[in-house]
Amino acid sequence: MKFKSAEILKRYRVDAPDRFELKSVDCADTGGIDKDAAQSMLADDVKRLADLQQRLYAEDRWALLMVLQGMDAAGKDSVVAHVMSGVNPQGCEVHSFKAPSAEELDHDFMWRASKRLPARGRIGIFNRSYYEDVLVVRVHPELLERRKIPRTLIGKHVWEERFQDIRAFERHLARDGILVLKFFLHVSKEEQRRRFLDRLDQPAKRWKFSMDDINERKRWNEYMAAYEDVIRATSRPTGPWYVVPADHKWFTRLVVAAAVIEALESLDLASPKIEGAALKEMRKVRAALLAEAPRKDR
Ligand code: AMP
Ligand code: MG
């Protein structure tokens, strides 16, 4: 069966943000695909992605930024590991955003993200991002205080103002040739509970568990409300959100891979053609190399 990726992607891409509701996406959805089929499709997609990335790199004009957001244990790391497994590490940069350092707090909230934007020809992956500044910081407003923004600048519209700034930032990137795709890995609270238990039960996975995760889990509803608001306010054609069902990791990976492939294919990437004088020159060099006698001492 051919994965009708265009149809499935359309279901998860937020094209009508004003009307978007988180509950319209079932965390356990698998788009009618079974796990075995999904795994072989992902293997094909990983190859396609490798080829597209090579062309992106060769053309050296566009860049792609993937923003991954989601609650703890939603599968962000696993998307990075599996979806990008075939791409050349030279053309790909992953950055994980943690709680900001003192130096980062001394700057505007976009500063640390701006420094990590992908160069032309590259794929950049943000594992969490500047969106944390309208998510975790919104759920814990005391964090906003730590940034020492002049008090007169923080009013009741502070979140709407940040949304405006994020939209403007992403539009700027789009106009400069950096494609932005944003993924909210939508895991259910019940599946998170299972994954946390798994992390606690398996010694090899314990390092992934943090006590903070339990505290954030207690604020689940506040996070969901914050995510819904963020998606409504910032899903735009120049930076669409995909709300990806995340209770089945194999399906999550497939949707993310399909979205990246669709975006890169839309660029119509062509490897640069060598023609005219440059080609003539190359032919001369080739002939000279052929004429060189092979030396036995090498
Ligand atoms: P993890 O992704 O599990 O390694 O956790 C990283 C932690 O850093 C999460 O709890 C995030 O909410 C937190 N974090 C990331 N960015 C920010 C930010 N701008 N302000 C406060 N906390 C943040
Ligand atoms: Mg975590």
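Predicted model: local features only at pLDDT ≥ 70, side-chain atom pairs only at ≥ 80, totals over all residues.
The protein contains 13 helices and five strands. Along the principal axes, its C-alpha atoms fill a box of roughly 75 × 50 × 45 Å. Of the 298 residues in the protein, 46% are buried. The accessible surface comes to about 16500 Å², and carbon and sulfur atoms account for 51% of this surface. When contacts between residues at least 6 apart in sequence are considered, 82% of them join residues at least 24 apart. With regard to charge, the protein carries 54 positive and 47 negative side chains. The centres of these two sets lie 3 Å apart.

The five strands form an open sheet in the order β2-β3-β1-β4-β5, and the pairing is parallel. At the edges stand β2 (92-96) and β5 (241-245), each of which pairs on one side only. From one strand to the next, the twist averages 20 degrees. Helix α11 (residues 220-234) packs on this sheet and touches β1, β4 and β5. The direction of α11 makes about 155 degrees with that of β4.

The pairings can be followed across the sheet from β2. Strands β2 and β3 run parallel and are joined by five bridges. Across this pair, E93 stands opposite G124 in β3. Five bridges also join β1 to β3, again in parallel, and here L64 stands opposite I123 in β3. Strand β1 (residues 63-70) is joined to strand β4 (residues 178-186) by eight bridges, and the two run parallel. Within this pairing, G70 has L185 of β4 as its bridge partner. Between β4 and β5 there are five bridges, and these strands too run parallel. In the latter pair, H186 stands opposite P245 in β5.

Two of the strands were examined for burial. In a regular strand, side chains alternate between the two faces of the sheet. Strand β3 (residues 123-127) is mostly covered, with five of its five residues buried. Cover is found on both faces of β3: I123, I125 and N127 are buried on one side, and G124 and F126 are buried on the other.

Strand β5 pairs on one side only, yet five of its five residues are buried, so β5 is largely enclosed by the rest of the structure. W241, V243 and P245 point one way from β5, Y242 and V244 point the other way, and all of these residues are buried. Among the elements in contact with β5 is helix α11, which also touches β1 and β4.

K47 and G70 are 23 residues apart along the chain, and their C-alpha atoms are separated by 26 Å. G70 itself belongs to the sheet, being the bridge partner of L185 in β4.

Technical notes:
Residues numbered from 1 in each chain as written. Chains lettered and ligands numbered in written order. Heavy atoms only, no water. Pairing = 2+ DSSP bridges. Helix = DSSP H or I, 4+ residues; strand = E, 2+ residues; numbered from the N terminus. Axes fitted to C-alpha atoms, helices over the stretch in contact; angles between N-to-C directions. Contact = heavy atoms within 4.5 Å. Buried < 20%, exposed > 50% of the residue type's maximum accessible area, 1.4 Å probe, protein only. Areas by Shrake-Rupley, 256 points an atom, 1.4 Å probe, with all protein chains shown as cover. Lys, Arg positive; Asp, Glu negative; His and termini not counted. Charge placed at Lys NZ, Arg CZ, Asp CG, Glu CD.
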